[in-house]
Amino acid sequence: TSSTTLVVLLLVGTLLSVCGALLLDSPYCWDLATYLRQAQLAMGEGVRDYSRLRGATGPVAYPALHILAYALLLPALLPPDSHDPYHPALRLGFAHFVFAVLLVLTVLVLTTLYRRSSKVPFWIVLLFLSSRRVLNIYVLGFFNDAIAMPLLYFAIFLFVHRRWSWGCFVFSLAVGVKMSVLLFAPGLLLLLVLTGDLRSVLKNLTICGATQLLIGLPFLLENPWAYVRLSFNFGRRFMHSQTINYRFLSEDLFHSPLFAAFLLLVHLALLFFFLRRHWQPYWNQIFLANGPQVCICDDQIFTILFISNLIGVTMARSLHYQFFVWYFHQLPYLLWRTDMKNWQRIGVFALLTWAWEVHPSSVLSSLCLHLGHLLLLFGLYRNTSLLSLTNASESASTLGSTSCASSFALPPLSKSSALID
């Protein structure tokens, strides 16, 4: 519609203008130089032992697709008279352009997803413009989060078109850039189980696993333990001085293994309680993967995946500023899926955004961040109408209705293939 087009044009135009303004102040980025050096070692000098891929800020800490992504940038960024990624004449202008394009692509995919929702107003995509922090992360920070998240959202785009196998492939590519995308994995597993039989679930999980093996194969053949340990380091220690969410804890407690175990238990408990409250009638389907298939609509896909990620972010051992993009663009959707009033939704959104904007983080900003997370989780949990699933056998006659028909926008599929890719 004309109003939708106007909103998208306004959004993209404003993003481009803000990106241009940010580029006027373009500081040198040591993280980018480190990523480029690691890529240079792996792809240019043939180092396949992951433990030897290091830069000025430390060893590589991400899967191999992260290396490949920055290796593709490397030739265009190096100055003509040098092969040193730490050279002060590094061509940052092209990097800014690439990451600005990634930001615009992210927003375009997200506006497409939001437009498919029948549960939230489309105008809330304008809230994407409210955070300078997010714009900085994309355009000035050059973090790999800005590469992983567009892939993740494109995977969700494929999921809402019922391309489960292709979606799992792209989802695994996103994981291959940064393992934080795994926070969506519990929700994805639930969707696969609800919409397919055991065979299709195993097929799609195999696609995810095989993609990871192919991504890391050159490094797995050289030193498999180093690759797995560094790429998927679940025990990674973070600096207390840089944490966003736990500045109110002592450093000893922050680094305590017992505290990490406690957060993991609460994470699993929250997933369980949401599962039990909203999908109680489908225990057999969820645990046995052999019950009647369920008709999943677009909003249910968004809600399941976004809540899975929100729980993971809430229970993260440490959050750094670049991690804001893990869920910032999902916050408007989740807030409008609660039963809050609009002023309450805006208030929680403003609280969370402010907590991420404070630099350096403080005890107050950390407490506000947790308060915003808890209010949002509570609002989602108590909304009993959040998800209502329908057995596929019961909904065959209603696939043409608005609630389910909106999910099938690609070329026509049979009813069976619409549920199982």
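The following legends describe views of a predicted model.

**View 1. Overall content of the predicted chain.** The chain holds 20 helices and 4 strands; helices (H or I, at least four residues) and strands (E, at least two) are DSSP runs, numbered from the N terminus. Of its 421 residues, 55% are buried, where buried means under 20% relative accessible area with a 1.4 Å probe, protein chains only. Among contacts (heavy atoms within 4.5 Å) between residues at least 6 apart in sequence, 77% join residues at least 24 apart.

View 2. Leaving aside residues up to four places away in sequence, Gln-38 touches Leu-53, Arg-54, Gly-55, Gly-58, Pro-59, Val-60, His-66 and Ile-67.

**View 3. Nonpolar cores.** A nonpolar core is a set of buried Ala, Val, Leu, Ile, Met, Phe, Trp, Tyr and Cys residues joined through side-chain atoms within 4.5 Å. The largest has 127 residues, and Tyr-50, Tyr-70, Ile-156 and Phe-159 have the most contacts inside it. Another core, of 7 residues, lies apart from the largest one and includes Phe-238, Tyr-246, Leu-249 and Met-315.

**View 4. Neighbours of Phe-159.** Not counting residues up to four places away in sequence, Phe-159 touches Trp-164, Gly-167, Cys-168, Phe-171, Leu-188, Ile-301 and Leu-305.

**Notes.** Residues are numbered from 1 along each chain as its sequence is written, and side-chain values use heavy atoms, with hydrogens and water left out. In this predicted model, local features need pLDDT of at least 70 and side-chain atom pairs count only at pLDDT 80 or more, whereas totals for chains, interfaces and linings use all residues.

Terms used
Buried < 20%, exposed > 50% of the residue type's maximum accessible area, 1.4 Å probe, protein only.
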